[in-house]
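Got a model open and wondering where the labels on it come from? Let's go through a few of them together.

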Amino acid sequence: MNSKQYWNSSIESSPPECSFASVVEGSDEKGMARLMDAIRQLGFCFVTDTPATPEATERLLEAIGPIRNTHYGGFYDFVPDLAKADFAYTNLALDAHTDTTYFTEPAGLQAFHMLSHESPPAQTETTASLGGQSLLVDGFNAAQLLKAEFPKAFETLRKVRIPWHASGNQGVAITPEVTFPVIEASRHQLRRIRWNNDDRGVIPLNVDVQAWYDAARKWDSILRRQTNEYWFQLEPGRVLIFDNWRVLHGRSAFEGIRRICGGYISRDDWISRWKISTFPIEDVILNNMQRR
């Protein structure tokens, strides 16, 4: 299988991308394999020349795997109208975070496609001047930096299991089956990042609470380093798809009305698509059968 490549803000000079036609309309799996391999290695990829419609975006995501239904619905298409009790449905800035920390298995892939960005009434600003730049941070790179610079802080965030919850919408009170740490990793391998301060519960009192907060401050400072932040502007026709177990996302505040569509895909479904599009089916089945 392939190795992961960690990155920082320098990825801005050559972000991974492939075309909509190669992924969805190609006669073979080569386009899909390029998309899946980019996400597997780097944690994200742009799909260019996508028709700026929800129908085309949904078709793209379903080519990867079934769109995951949550309390937000399935395929989403929204504007900042607070239709859901979530900061995503506002014009406010969002710090780097991962989504669905409150699920036992968080969403595997996430996709954003900005269909339009309109100025406020009686204003004529360009999209760039309206704000709303998007932010990506490689959580695995940040974790490696934390481990190298502050090994005790890394171990604290790896070992201390804390509660996560979603309780803002009426009739919804979701929490994982068990508690989870911020950084899920073995001695030699990073597995998953779970970080959204707005979804975090109370730090257990049977641990060194001060040590946890000190570690969290160090972690947050690394996430906020300019050298680790990749900022860019979403555009119609350019879909962003990223690994929600690895890559944190955020945005700057914006004016006007942005229409965003996209969806979640479960981890097992997209890993299956990566395998099937990249390797001979016989090898995939044999590997699956013999997996330890």
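Q: What should I know about the model before reading the labels?
A: It's a predicted model, so local features need pLDDT of at least 70 and side-chain atom pairs count only at pLDDT 80 or more, while totals for chains, interfaces and linings use all residues. Residues are numbered from 1 along each chain as its sequence is written, and side-chain values use heavy atoms, with hydrogens and water left out.

Q: What makes residues 30-42 helix H2, and how does its span compare with the expected one?
A: Helices are DSSP runs of H or I with at least four residues, strands are runs of E with at least two, and both are numbered from the N terminus. H2 has 13 residues and reaches 18 Å from first C-alpha to last, close to the 18 Å expected at 1.5 Å a residue. That expected span is 1.5 Å times one less than the number of residues.

Q: Why is H2 called mostly covered?
A: Buried means under 20% relative accessible area, exposed over 50%, and partly exposed in between (1.4 Å probe, protein chains only). In H2, 10 of the 13 residues are buried, including Met32, Leu35, Ile39 and Arg40.

Q: What makes the phi of Asp49 worth a look?
A: Most residues other than glycine have a negative phi. Asp49 isn't a glycine, yet its phi is positive, near 55°. Asp49 sits in the loop between strand S2 (44-48) and helix H3 (54-64), and its relative accessible area of 64% makes it exposed.

Q: Where is Thr100, and is it buried or exposed?
A: Thr100 lies in the loop between strand S4 (94-97) and strand S5 (109-118). Its relative accessible area is 2%, so it counts as buried. Thr100 also has a positive phi, about 50°, without being a glycine.

Q: How do you know that Cys18 and Cys45 are not in a disulfide?
A: A disulfide is a pair of cysteine sulfur atoms within 2.5 Å. The closest cysteine sulfur to that of Cys18 is in Cys45, 4.1 Å away, so that's too far for a bond. Cys45 is likewise in no disulfide, and the structure holds 0 of them. Cys18 is buried at 8% relative accessibility, and Cys45 is buried at 1%.

Q: Why are the buried residues of H3 said to line one face?
A: The buried residues of H3 are Pro54, Ala56, Thr57, Leu60, Leu61 and Ile64. Seen down the axis of H3, they fall within an arc of 165°, so they line one face of the helix. The arc is that of the directions from the helix axis to the C-beta atoms.

Q: What makes the second largest pocket a pocket, and what lines it?
A: On a 1 Å grid over the protein atoms alone, a pocket is an open set of points where a 1.4 Å probe fits, with protein on both sides within 12 Å along at least five of seven lines; lining residues have an atom within 4 Å of a point. Here 30 residues line the pocket, and Lys4, Arg40, Gln189, Arg267 and Arg291 lie nearest its centre. H7 gives the largest share of the lining, 6 residues.
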